Number of protein chains: 2
Amino acid sequence: MTTSLSAELWPDVQPETARRLMLAGVDAFAQRGYHATTTRDIAAAAGMSPAALYVHFPSKAALLFAISRYGHEQTLALVENVVANESDPVARIRLVVEDFVAWHARRHTVARVVQYELQALPEQEFEVVAALRRRIERIVRDVIAEGAADGVFTVSDPHVAARAVLSLGVDVARWYSERARQTPAALGKEYGGLVLRMLGVTPETPSTGSPDSA
Amino acid sequence: MTTSLSAELWPDVQPETARRLMLAGVDAFAQRGYHATTTRDIAAAAGMSPAALYVHFPSKAALLFAISRYGHEQTLALVENVVANESDPVARIRLVVEDFVAWHARRHTVARVVQYELQALPEQEFEVVAALRRRIERIVRDVIAEGAADGVFTVSDPHVAARAVLSLGVDVARWYSERARQTPAALGKEYGGLVLRMLGVTPETPSTGSPDSA
DNA sequence: CCTCGCACTAAGCGTCTGCTTACAATGGTG
DNA sequence: CACCATTGTAAGCAGACGCTTAGTGCGAGG
């Protein structure tokens, strides 16, 4: 189980039992999918009776929402953080990809739920996370558009390019596992390079600093 | 509904009713997911009683398997066809991406089931489609490795590069819809260009022929 | 020591699930 | 026309589902 690794997640979820339920939910949802997971599964994995779930969450869907929302907020924060600390489009997009990919690899269990169990959310809750997703996509698209305007990126359509960049990151959650040949950080670095080339950045552009000598 | 477009799928499924059930299954599985779809949903969408499903398929899982297997065979055939008709690694990878992406866009309903409902298959049936998936990945990886050996591709690891290329194609099924701004064919062309740059092909390499003048 | 509130459990509710059974309509073949 | 395989239906079974209810253990406050 990857529970031990995920234990450092959600450091501030109020009752310890609620966090255990979220952890159990993540594992179950990621492995079997939301609809194939029963409240009895989750409760048993958390070492409790099925009714205990309803002490902390009004419904099974609310548990999914808590997980999904928290995960989306983390990835949004990640992207916003890079944009806040960097100004060069090349550095921005490389670091966004590095962090985004590394997160989807390291947290691939949570990421699987975040990216692929969206449709199971009730309409109202779905709208909340959909808004978070739009913000993430918007930021990436704007960074690419800015780089294209500066002439450092060569893309015919920032919309398509942003989709492609995010696709590379999202899809990592689908196939990555602990027995992958690369660490999350190493994979992020490699994908960062791939994306820069995809966006038409020539290697002869050392940007502001950090020559990244091998 | 996208049923009318999908109607040209499976031209050779024996009884017409079985095809209608598969069509209804594809739509339902893609929209709500396998586990959230009931046999009553499928039967109703096909205009039949729930028991009719069991005249043509031994179980709900068998219906999913028929859909998944057929879809995987189509994408494999697509990739094999390109490799059989082209010899240059650059042309091969560009056409593979073009066709793979276009298929995942045009058939995004089927593709969604094919790519994201795998885990719902029983173990034995899963192994069958997993073998097909391995063959697809293998071909793409070999083409990239060959291009890298020839010096036309610049990749540090063909495994990672193949994963990235397939990720771009697979993820199209997740976000593409009829109201996308690009036709499947146009998207395929654009992604083909992105992938070539990602693999380090310089635009100054016109390969054997086909200048692709715009 | 009593009392209250909170976290939790045992048991079970109404409903829905995949699937089966018993039977009817249809159409090709002798 | 008799026969039967094929293709469908109506009704329902056994089990599992999300969630509720009634009640228990226990630590904090008076």
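Reader: How many residues of chain A are in contact with chain B, and what makes a pair a contact?
Author: 20 residues of chain A are in contact with 20 residues of chain B. Two residues count as in contact if their C-beta atoms, placed from the backbone, lie within 7 Å. This is a predicted model: local features need pLDDT of at least 70, side-chain atom pairs count only at pLDDT 80 or more, and totals for chains, interfaces and linings use all residues. Residues are numbered from 1 along each chain as its sequence is written, while chains are lettered from A and ligands numbered from 1 in the order in which they are written.

Reader: Which helices of chain A supply the side that touches chain B?
Author: α9 (158-175) and α10 (184-198) each supply at least two residues. α9(A) gives the largest share, 8 residues. Helices here are DSSP runs (H or I, at least four residues), numbered from the N terminus.

Reader: What is the make-up of that side by class?
Author: The side of chain A that touches chain B has 10 nonpolar, 6 polar and 4 charged residues. Ala, Val, Leu, Ile, Met, Phe, Trp, Tyr, Cys and Pro count as nonpolar, Asp, Glu, Lys and Arg as charged, and the others, Gly among them, as polar.

Reader: Why are the two copies said to be related as by a two-fold rotation axis?
Author: Chain A can be laid on chain B by a turn of 180 degrees and a shift of 0.0 Å along the axis, with an RMSD of 0.0 Å. The copies are thus related as by a two-fold rotation axis. The superposition is by least squares on the C-alpha atoms of residues with pLDDT of at least 70 in both. The same surface serves both copies: 100% of the contact residues of chain A recur in chain B.

Reader: Which residue of chain A comes closest to the rotation axis?
Author: A:Met198, with its C-alpha at 2.2 Å.

Reader: Why are α5(B) and α6(B) called roughly antiparallel?
Author: Helix α5 (residues 60-85) and helix α6 (residues 89-106) of chain B pack at about 155 degrees, with axes 9 Å apart. Angles over 145 degrees count as roughly antiparallel, so α5(B) and α6(B) are roughly antiparallel to each other. Among the contact residues are B:Leu78 of α5(B) and B:Trp103 of α6(B).

Conventions:
Axes are lines fitted to C-alpha atoms, for helices over the stretch in contact, and angles run from 0 to 180 degrees between N-to-C directions. Angles under 35 degrees count as roughly parallel, over 145 as roughly antiparallel, 65 to 115 as roughly perpendicular and the rest as oblique.
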